[in-house]
Amino acid sequence: MNVRKNAASLSDAEWRRFMQAVVKLKHTFYAGSDLSLYDQFVAIHVAVRGLGGAQSGDGAHNGAAFLAWHREYIRRFEKALQLVDPQVSLPYWNWGLGPLSDTTSLFVDNRIGPLGSGGNSGFEIVSGYLARTPNSINPLGWVIHPQLRVQGAGLQRNRSLDTGPGWPTAVGIGNVLGQVVFQLFRPGLEGAPNHNTVHNRMGRDMAAASSPNDPIFFLHHCQVDRIWAKWQVDHPGGANYNPLGSGGQGHRLNDRMWPWDGGDSETTRAVTELLPGLAATDIVQPVDILDHRSLGYCYDDEPGCPCAGNGNNNGGGGEPQQPIVLRGETRPNLIIPDNVPQGVASNITLNGNGSVLNITVSVEITHTWIGDLRITLISPDGLTALLHDQNGGDTNDIRRTFTPTNSADLANMTQGGVQGGGTWGLHISDNANRDTGRLISWSIEVTVSV
Amino acid sequence: MARKSKNSKKIEYRNVKIEIISGQTEEAIKIGSKGIESSRDADTGTYVCDELPYQTFGTLEELGKAFVDSEDSD
């Protein structure tokens, strides 16, 4: 069980591991692209505000699914972090319910970073992990993806955080928690002076639809989720999720929530090419995630949650064992025979031992109709992961990185017991006639436990 | 069939023209010549828009004025 802790209570070592995992996601790029795994999360949040198809409008805000959608969203982010460092969990920013020091203590270089103070805008973060310019604590820097910027390339926050009147209070949150009806509880928590106010008072990038550009977004929504979890204790059961069934498609108890909707809807926002490819079977409904503990996490102050330091939470102990990353690449430039299901195969041998914690496979294929193609990764043990299954229609070429985040089969390979060392195979077949292509290159990066 | 009526209200705020169009089935707001896409919270009925994603407004007029203020502060 993951234990999500108060961010103000994390040790310096826990902060370092958390922020290093965040920075790692920000700097894990798709081959030949400036798009990172972190950026994909930002793009999803931008895209969900404008949906078409089965759903219309905003699939995640100002409606019943606000809480369920963000629970799933930050849980996926947490799982992505755990692929980098399995000992990391999301901490929560204890605004409103804790002392003011639970807020003020976070905004320092070696935690979530300072408020805005410089750069050309006068609002940019200029030190710590989130500074645009590389520094000793983050030698890679933090630059917002060009298509996801509203302010500038560097992350911006207000120069001061107004925690005066209008800031969330324990009394106010208590009143929200006292609401018996979900339709009153949800907007009370989402609107001012709670969730919305925190976004707006952080200001700048946090006040925009692309607010997850600032990692404090995830700590903020962890607190929102925690308050919902508290409310659910007093109002258990699916019947208390929007019991009247009001709201548009995507917001009701048994609706599919975009983007985990099997392709029922699509975004109208101009970020489509930044979104991860999700399997059609990757479907999430609010009813699936009402019980947060069944999702594998709890909050450090809730009854029955394992206390910190017992070895199965977010790392109350010392430094972690460092996982080892095994890498290989090849440029076979193989012809993919037209309409031959037997296809072609290319192998990469990785030297090392250990169970797979994470896998990244980058593929470069030229082809005039990628809907003809099926791509399968084969582990040294003979397990298979179907990476591409004749989708994409008449689109040309595949230049793509597959990860456990965008491939359910790869995610399965990280669940334990799969050996990372040995010969990995990539099998490609063309299953329709006429259009042809080549496997130009592919690479694999496997993180293994030692 | 009776024709549905539309009401249009025009105001000027900080030298910017705001037009609010209210029909039986649609509502729209224009700031100057720019149309602003707005929607309503499913439970409270308050107005929201993409440009000010974490704010809600009791009326389209309030939304329009806040939009003008936000443009001015950039």
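I note at the start that the model is predicted.

**Entry 1: domains of chain A**

I looked up how chain A is divided, and found domain 1 at 2–299 and domain 2 at 324–448. I then took the distance between the C-alpha centres of domain 1 and domain 2 of chain A, which is 32 Å.

**Entry 2: helices H1 and H3 of chain A**

I next checked helix H1 (residues 12–26) of chain A against helix H3 (residues 65–84) of chain A. Their axes come within 9 Å and cross at roughly 100 degrees. Angles of 65 to 115 degrees count as roughly perpendicular, and H1(A) and H3(A) are therefore roughly perpendicular to each other.

I wrote down which residues meet. From H1(A) they are Ala21(A), Val22(A), Lys24(A) and Leu25(A), and from H3(A) they are Ala80(A), Leu81(A) and Val84(A). By class, this contact of H1(A) with H3(A) has six nonpolar residues, one charged and no polar.

**Entry 3: nonpolar cores**

I looked up the largest nonpolar core and found 111 residues in it. Those with the most contacts inside it include Leu25(A) and Leu81(A), both of which I had already listed where H1(A) meets H3(A). Ala43(A), Trp93(A), Leu219(A) and Val361(A) are also on that list of residues with the most contacts. H3(A) gives the largest share of this core, 12 residues.

Leaving aside neighbours within four places in sequence, Leu219(A) has contacts with Ala7(A), Pro91(A), Tyr92(A), Trp93(A) and Ile112(A).

**Entry 4: chain A against chain B**

Last, I looked up the contact of the two chains. It takes in 20 residues of chain A and 11 residues of chain B. I asked which helices of chain A each supply at least two residues of the side that touches chain B. They are helix H6 (182–190) and helix H7 (195–202). By class, this side of chain A has 12 polar, five nonpolar and three charged residues.

Technical notes:
Residues numbered from 1 in each chain as written. Chains lettered and ligands numbered in written order. Predicted model: local features only at pLDDT ≥ 70, side-chain atom pairs only at ≥ 80, totals over all residues. Domains from an automatic or database assignment. Contact = placed C-beta atoms within 7 Å. Helix = DSSP H or I, 4+ residues; strand = E, 2+ residues; numbered from the N terminus. Nonpolar A, V, L, I, M, F, W, Y, C, P; charged D, E, K, R; others polar. Axes fitted to C-alpha atoms, helices over the stretch in contact; angles between N-to-C directions. Parallel < 35°, antiparallel > 145°, perpendicular 65-115°, else oblique. Core = buried A, V, L, I, M, F, W, Y, C linked by C-beta atoms within 7 Å. Buried ≥ 20, exposed ≤ 12 C-beta atoms within 10 Å, placed from the backbone.
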